[in-house]
Amino acid sequence: MNRTRHLPFEAKLLPIQPARVAADGTFEGYASLFSVPDQGKDVVEPGAFHESLARRGLAGVKLLWQHDPAEPLGRWLSLAEDRRGLFVRGRLSLAVARAREIHALMRDGAIDGLSIGFRPEKARTEPRTGLRRLERVDLWEVSIVTFPMLPQARVSAVKTVLRPAAFA
């Protein structure tokens, strides 16, 4: 009997700053930080997303609400590892009712989290500390969520929308 080992799907939560969400729904920041333990005792190592991003591309990583595949909110404009972590830039699809609601909540400060959804491909647990070092992960999605897991990650900038003075 051939049994395939299925790895569990996991999610990690990160906060975003609501004031950093543009009027057009564009936002950016870190979805994951390298070498920083989260509240679940996981540490994402530098380079952990590299293979997954190359394999999946932008279209292969979804932008969801609360990790629900039935609740897409928009699309990612860029996903890239740098020295600090996984930097993301996305745009909410404001033609979608749920995305408009989330956009309003984010701008008001009621929703402030980002969360990665992934499958661990290579990880090791340190017996002394109990920390799980994620060396390679398969990134499936990044969600906007209510409760953050890694408080240090924040949206850092937004696309500005220029408007004529009469409409400001």
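Predicted model: local features only at pLDDT ≥ 70, side-chain atom pairs only at ≥ 80, totals over all residues.
**Stop 1: the core**

Select Phe27, Phe49 and Ile144. These residues have the most contacts inside the largest nonpolar core, which has 29 residues. To see where the core draws from, colour the elements that give two or more residues to it: β2 (26-33), β4 (62-65), β5 (68-81), β6 (85-92), α2 (97-108), β7 (113-125) and β8 (132-145). Which of them gives the most? That is β8, with 5 residues. As background, nonpolar side chains in soluble globular proteins tend to be buried together.

**Stop 2**

Next select β6, residues 85-92. How much of β6 is buried? The count is 6 of its 8 residues, so the strand is largely enclosed by the rest of the structure.

The pairing of β2 with β6 is antiparallel and runs over 7 bridges. One place to look is Ser32, whose bridge partner in β6 is Leu86.

Follow the chain from β5 into β6: the two strands form a hairpin, with 3 residues between them.

**Stop 3: Val43**

Move to strand β3 (residues 42-44) and select Val43 within it. Is Val43 buried or exposed? Its relative accessible area is 1%, and the cut-off for buried is under 20%, so Val43 counts as buried.

Show what surrounds Val43. Beyond its neighbours within four places in sequence, Val43 is in contact with Ser35, Val36 and Pro37, and also with Leu131, Arg132, Arg133 and Leu134. Draw a distance between the C-alpha atoms of Val43 and Arg133: they are separated by 4.9 Å, although the two residues are 90 apart along the chain.

**Stop 4: the loop between β2 and β3**

Ser35, one of the contacts of Val43, lies in the loop between β2 and β3. Select Ser35 and check its backbone: phi is near 65°, a positive value in a residue other than glycine. For context, most residues other than glycine have a negative phi. With a relative accessible area of 44%, Ser35 is partly exposed.

Finish on Lys41, which is placed in the loop between β2 and β3. Lys41 is not a glycine, yet its phi is positive, about 70°. Its relative accessibility is 41%, so Lys41 counts as partly exposed.

Terms used: Residues numbered from 1 in each chain as written. Heavy atoms only, no water. Core = buried A, V, L, I, M, F, W, Y, C linked by side-chain atoms within 4.5 Å. Buried < 20%, exposed > 50% of the residue type's maximum accessible area, 1.4 Å probe, protein only. Helix = DSSP H or I, 4+ residues; strand = E, 2+ residues; numbered from the N terminus. Contact = heavy atoms within 4.5 Å. Pairing = 2+ DSSP bridges.
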